[in-house]
Amino acid sequence: YILNGRKFWPSSAAGWDMKGANVNTVIVRTDSTKGGRSGLSAIMVPRGTPGVRYEPVIDKMGQRLNQNCHIVFENARVPAENAFAVGNADMIIGKAFTWSGPVAGIAAVGTARAAYEYVLDWCKSYTAGGTDPVIFHQNAGYMLTDIAMRIEACRYLCWKAAHYLDLFDSEGHAIGAMAKIYAGEVCTQVVYDCMRVMGVNSYDRGAHPLDKYMRDVLCFPIYDAGNMGMQRRKIWGVMAAADFNPKAFVDNEPIHYTKKMEGIGTVTDVPELAGVNR
């Protein structure tokens with residue numbers, strides 16, 4: 001295979017010296033006449049393959065300890081035997097982002113817990129010029145109560161999803177996505193609510209860590225297949241199946257993820273609009 005093009009946002013692909021990991025697994029289009037369901041394949045690209053270069057590390061808003069830099073392929077020749085899942089790489093992608101769902105979700109929980117525990121301690125000592133610590137004010141107490149409940153709910157869902165994936169060899173595309181979506185989005189709001197409890201003090205990045213927690217948590221809803229993209233589509237595809245059992249996750253019943261479930265909603269059907277030339 002001869003690879004040309006660019007890979008955006010690979011994780012830790014450039015290695016410690018920016019010359020590549022020992023091997024990178026890359027999803028490539030091996031049939032330009034077909035769409036994502038049947039035109040994609042996976043291929044292993046070893047370190048040192050001529051025609052492969054890595055651009056400088058992306059200067060990210062948060063989660064800066066994880067390296068991301070684009071890979072550029074310029075007539076890179078890779079042996080045919082390095083390819084696998086030919087025409088079925090969409091299923092490889094789906095399963096990869098399934099087992100990582102509760103992993104990303106619990107990372108969001110950890111970020112939210114760090115913010116919550118910091119602000120809780122702060123509320124027990126800071127008086128804001130009054131006579132009593134902030135924790136004894138009803139508004140702060142109620143907000144912290146809601147924050148604690150949401151963190152616990154997210155944590156339980158992530159553990160449930162991880163347990164389900166262990167039971168069925170990571171065949172839990174919908175519940176894995178649920179953990180990633182729910183925890184990522186709820187915990188983003190949790191960290192912001194922690195900032196609201198502290199008020200403008202949380203904006204002081206020299207004295208308090210809320211700035212870092214906020215920047216780090218903002219990534220969870222938009223990375224790792226994206227909540228508004230592949231992750232929600234996986235749940236939708238499972239639910240749309242004629243034999244879907246809504247109680248499957250309650251009873252830990254297996255759900256086999258199929259090609260028919262993958263990629264639902266990716267082909268749009270835009271109606272003709274009056275006065276619009278296309």
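Which residue forms a salt bridge with Arg6? It's Glu55, and the closest N and O atoms of the two are 2.8 Å apart. A salt bridge here is a side-chain nitrogen of Lys or Arg within 4 Å of a carboxyl oxygen of Asp or Glu. The pair links distant parts of the chain, since Arg6 sits in strand β1 (residues 2-7) while Glu55 is in the loop between β4 (52-54) and β5 (71-77), 49 residues apart. Helices (H or I, at least four residues) and strands (E, at least two) are DSSP runs, numbered from the N terminus.

Before going on, a word about what you're looking at. This is a predicted model, where local features need pLDDT of at least 70, side-chain atom pairs count only at pLDDT 80 or more, and totals for chains, interfaces and linings use all residues. Residues are numbered from 1 along each chain as its sequence is written, and side-chain values use heavy atoms, with hydrogens and water left out.

Back to Arg6: it is partly exposed, at 36% relative accessible area. For this label, buried means under 20% relative accessible area, exposed means over 50%, and partly exposed is in between (1.4 Å probe, protein chains only).

Now move to the helices. Asp193 forms a salt bridge with Arg150, with 2.7 Å between the closest N and O atoms. Asp193 belongs to helix α3 (residues 173-198) and Arg150 to helix α2 (residues 138-167), so this pair ties together parts that are 43 residues apart in sequence. Asp193 is buried at 6% relative accessibility, whereas Arg150 is partly exposed at 24%.

Asp211 and Arg215 make another salt bridge, their closest N and O atoms being 3.2 Å apart. Both lie in helix α4 (residues 210-217), four residues apart, or about one turn of the helix. Arg215 is partly exposed, with a relative accessible area of 22%. Elsewhere, salt bridges that share partners join Arg6, Arg53, Glu55 and Glu74 into one network. The count of salt bridges comes to 17.

What about the aromatic rings? Rings of Phe, Tyr and Trp (its six-membered ring) pair if their centres lie within 6.5 Å; planes under 30 degrees apart count as stacked, over 60 as edge-to-face and the rest as tilted. That rule gives four aromatic pairs. One of them is Trp122 with Tyr126, a stacked pair at 4.4 Å centre to centre, with 20 degrees between the planes. Trp122 is buried at 11% relative accessible area, while Tyr126 counts as partly exposed at 32%. Ring pairs also link Tyr164, Phe168 and Phe249 into a cluster.
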